[in-house]
Amino acid sequence: KAAREVVEEAISLARELQDDCTDWGIIWLLGYSLHRAGYVALWQGRYALSRDMLSETIMLCNQKGELFFALWSNLYLGEVDFFEGKDEEARERLEFVMSVYKSLEIRTQVAEALGFLGLLSLRQGNVEEAYGQLSESLSIRKEVGDEQGIAWGEIWLARVEHARQNPERARHLLQEGLLRALKSSSRLYTAMGLEELGSVV
């Protein structure tokens, strides 16, 4: 909630400023503020607002030829599509951004796109495809040392192992993921992990 208030104020201020207000220019400043606001809205479940803000970010970035935030916003739009149940749109967008991130060698974003592609596969009943995607995502997160990302990956991979009827492997992954979630003070991932552990038990 605090983040939401701050990014909304940032957007309001950016819309009032002149183009020469920073070394980067107002388009970059406004685009960045909208991007962060879209991210906050995504994780508050305000998907329509998140889509609007991320779409405006992409439009502004395209005006300036700014790739970084345009691509990152497309990744979040793929996640919005996922949460709204727009599976085909989500898959198309996530596969596109993953291919670009691979070419740029930005591995944390490759891992995130792969993770959501794995969730899509799991939701559509393609358990082995989900296993491959989430395993690869988790492996990358471990290589780059993304502790919260590792917790997320372990919890979701546990759900896949549960679907593959490997409860002991699922339990082990959940124990690891929950420890990481607790150490990083992630209440969201802790709740996710406990819910999945209850299901396995």
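Start with the salt bridges: this predicted model has 15 of them by the rule used here. Side chains of opposite charge can pair when their charged atoms come close. Let's visit a few of these pairs and then move on to a pocket and a surface patch.

**Stop 1: Asp81 and Arg93**

Select Asp81 and Arg93 and show their side chains. They meet in a salt bridge, with 3.3 Å from N to O. The two partners sit 12 residues apart and link distant parts of the chain, with Asp81 in helix α4 and Arg93 in helix α5, residues 87–104. Is Asp81 buried or exposed? Asp81 counts as buried because its relative accessibility is 2%, and the cut-off for buried is under 20%. Arg93 is partly exposed, at 24%.

**Stop 2: Glu154 and Arg180**

Next, pick Glu154, which you'll find in helix α8, covering residues 147–163. Which residue does Glu154 form a salt bridge with? The partner is Arg180, and the closest N and O atoms of the pair are 3.1 Å apart. Here too the pair links distant parts of the chain: Arg180 belongs to helix α9 (residues 167–183), and 26 residues separate it from Glu154.

Glu154 has a relative accessible area of 3%, so it is buried. Arg180, at 21%, is partly exposed. To see what surrounds Glu154, show its contacts beyond four places away in sequence: Leu138, Lys142, Leu173, Glu176, Gly177 and Arg180.

**Stop 3: Glu161 and Arg169**

Now select Glu161 and Arg169. Their side chains meet in another salt bridge, this one at 3.8 Å, N to O. Glu161 counts as buried, with 3% relative accessibility, whereas Arg169 counts as partly exposed at 39%.

**Stop 4: Trp72**

Go to helix α4 and pick Trp72. With a relative accessibility of 18%, Trp72 counts as buried.

**Stop 5: the largest pocket**

Next, bring up the largest pocket, which has a volume of about 610 Å³. It is lined by 21 residues, and the ones closest to its centre are Tyr39, Trp43, Glu112, Gln148 and Tyr189. Colour the helices to see where the lining comes from: α2, α4 (67–83), α6 (107–123), α8 and α10 (187–200) each supply at least two residues. Which helix gives the largest share? That would be α6, with 4 residues.

**Stop 6: Trp43 and a nonpolar patch**

Stay with Trp43 for the last stop. This residue is in helix α2, residues 26–43, and it is partly exposed, with a relative accessible area of 35%. Along with Trp43, they make a nonpolar surface patch of about 340 Å². Two members of the patch, Tyr39 and Trp43, are also among the residues closest to the centre of the largest pocket.

Technical notes:
Residues numbered from 1 in each chain as written. Predicted model: local features only at pLDDT ≥ 70, side-chain atom pairs only at ≥ 80, totals over all residues. Heavy atoms only, no water. Buried < 20%, exposed > 50% of the residue type's maximum accessible area, 1.4 Å probe, protein only. Contact = heavy atoms within 4.5 Å. Patch = residues over 30% accessible without salt bridge, like charges linked within 9 Å, V, L, I, M, F, W, Y side chains within 5 Å. Areas by Shrake-Rupley, 256 points an atom, 1.4 Å probe, with all protein chains shown as cover. Salt bridge = Lys/Arg side-chain N within 4 Å of Asp/Glu carboxyl O. 1 Å grid on protein atoms, 1.4 Å probe; cavity = no way out; pocket = protein on both sides within 12 Å on 5 of 7 lines; lining within 4 Å. Points joined across faces, edges and corners; volume = space filled by probe spheres on them.
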